[in-house]
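Have a look at the picture first, then we'll walk through it topic by topic.

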Amino acid sequence: MDSEKRYDVEAVKARLYAYREMARDIENQNERLERIKTKLVGVGAQSITDMPKSPSPADDRTVELIQQKMELEDEIRAVIEQRKAERVFFERVIKHLRRSDERAVIRVRYIDNANWDEVVDVLFGGREDLLEKEDVYLRRTYKLHGQALLSMAKYIEENETGRSGTSG
């Protein structure tokens with residue numbers, strides 16, 4: 001009979017990956033915003049005279065682009081705020097991890113949005129045998145990651161359940 005309590009590590013992992021994805025989403029949305037701004041400059045560069053004329057399709061296009069730009073800016077701000085709230089939540093949880101290497105692996109991987117090679121470099125970059133034993137250090141990093149996720153899941157379940165992720 002397994003009397004050891006099970007913690008939802010997968011939920012923590014999914015939430016951390018969602019946090020990473022928010023950064024990518026913000027980058028993508030900013031790229032879209034820049035394209036819209038470029039189009040607006042192109043539309044606005046048409047010659048303007050004092051001669052009266054009927055509304056043109058270009059005027060409609062300008063209005064549409066301005067509306068898209070404003071909506072996109074609102075969406076970006078909302079994702080940034082959501083990501084900020086998640087970062088505050090994760091920092092609160094991370095600071096309760098006992099081992100500094102566990103804190104580092106989570107911060108570098110998720111908060112700093114680094115790949116696994118970068119995480120290994122942060123943790124073990126000072127080791128002289130890093131290049132010869134790269135696979136050993138990568139496995140050690142994965143193990144630290146797993147331990148950190150378990151510790152986070154335990155802390156969240158015991159201390160954060162029912163607490164808002166938006167307050168610090």
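Which residues in α4 meet which residues in α5? On the α4 side they are Trp116, Asp117, Val119, Val120, Leu123 and Phe124, and on the α5 side Glu134, Tyr137, Leu138, Arg140, Thr141, Tyr142, Leu144 and His145; contact here means heavy atoms within 4.5 Å.

Before going further, some ground rules. This is a predicted model, where local features need pLDDT of at least 70 and side-chain atom pairs count only at pLDDT 80 or more, while totals for chains, interfaces and linings use all residues. Residues are numbered from 1 along each chain as its sequence is written, and side-chain values use heavy atoms, with hydrogens and water left out.

**The overall layout**

- The protein chain has 5 helices and 0 strands; helices (H or I, at least four residues) and strands (E, at least two) are DSSP runs, numbered from the N terminus.
- Reading from the N terminus, the order of elements is α-α-α-α-α.
- Of the 168 residues in the protein chain, 33% are buried, where buried means under 20% relative accessible area, exposed means over 50%, and partly exposed is in between (1.4 Å probe, protein chains only).
- Take the contacts in the protein chain with a separation of 6 or more: 70% of them are between residues 24 or more positions apart.

**How α4 and α5 meet**

- Two packed helices are described by the angle between their axes and the distance between the axes.
- For helix α4 (residues 116–124) and α5, the axes come within 10 Å and cross at roughly 95°. Axes are lines fitted to C-alpha atoms, for helices over the stretch in contact, and angles run from 0 to 180 degrees between N-to-C directions.
- α4 and α5 are therefore roughly perpendicular to each other (angles under 35 degrees count as roughly parallel, over 145 as roughly antiparallel, 65 to 115 as roughly perpendicular and the rest as oblique).
- Sorted by class, the contact of α4 with α5 has 9 nonpolar, 2 polar and 3 charged residues. Ala, Val, Leu, Ile, Met, Phe, Trp, Tyr, Cys and Pro count as nonpolar, Asp, Glu, Lys and Arg as charged, and the others, Gly among them, as polar.

**How α3 and α5 meet**

- Helix α3 (residues 100–111) and helix α5 (residues 134–160) have axes that come within 9 Å and cross at roughly 95°.
- That angle makes α3 roughly perpendicular to α5.
- From α3, the contact uses Asp101, Glu102, Val105, Ile106 and Tyr110. From α5, the residues include Thr141, Leu144, His145 and Met152.
- This contact of α3 with α5 has 7 nonpolar, 4 polar and 2 charged residues.
- Among the buried residues of α3 are Val105, Ile106 and Tyr110.
- Just after α3, Asn113 takes a positive phi of about 60°.

**The loop between α2 and α3**

- Arg98 is in this loop, and Arg98 is exposed, with a relative accessible area of 80%.
- Arg98 and Ser151 are 53 residues apart along the chain, yet their C-alpha atoms are separated by 8.6 Å.
- Arg99 lies in the loop too and counts as partly exposed at 40% relative accessibility.
- Setting aside neighbours within four places in sequence, Arg99 is in contact with Leu144 and Gln147.

**Rings and charges**

- The model has 5 aromatic pairs. Rings of Phe, Tyr and Trp (its six-membered ring) pair if their centres lie within 6.5 Å; planes under 30 degrees apart count as stacked, over 60 as edge-to-face and the rest as tilted.
- Tyr19 and Phe90 have ring centres 6.0 Å apart and planes at 75°, so the pair is edge-to-face.
- This pair links distant parts of the chain, with Tyr19 in helix α1 (residues 9–44) and Phe90 in helix α2 (residues 57–94), 71 residues apart.
- Phe89 and Phe90 make an edge-to-face pair as well, because their planes are at 65°, with the ring centres 5.3 Å apart.
- Tyr19, Phe89 and Phe90 form one aromatic cluster. Tyr19 and Phe90 are both buried, and so is Phe89.
- The charged end of Arg15 sits over the ring of Phe89, 3.8 Å from its centre. For this, NZ of Lys or CZ of Arg must be within 6 Å of the ring centre and within 35 degrees of the ring normal.
- The charged end of Arg83 sits over the ring of Tyr19, 4.0 Å from its centre.
- Glu86, in helix α2, counts as buried at 12% relative accessibility. Not counting residues up to four places away in sequence, Glu86 touches Arg15, Tyr19 and Met22.
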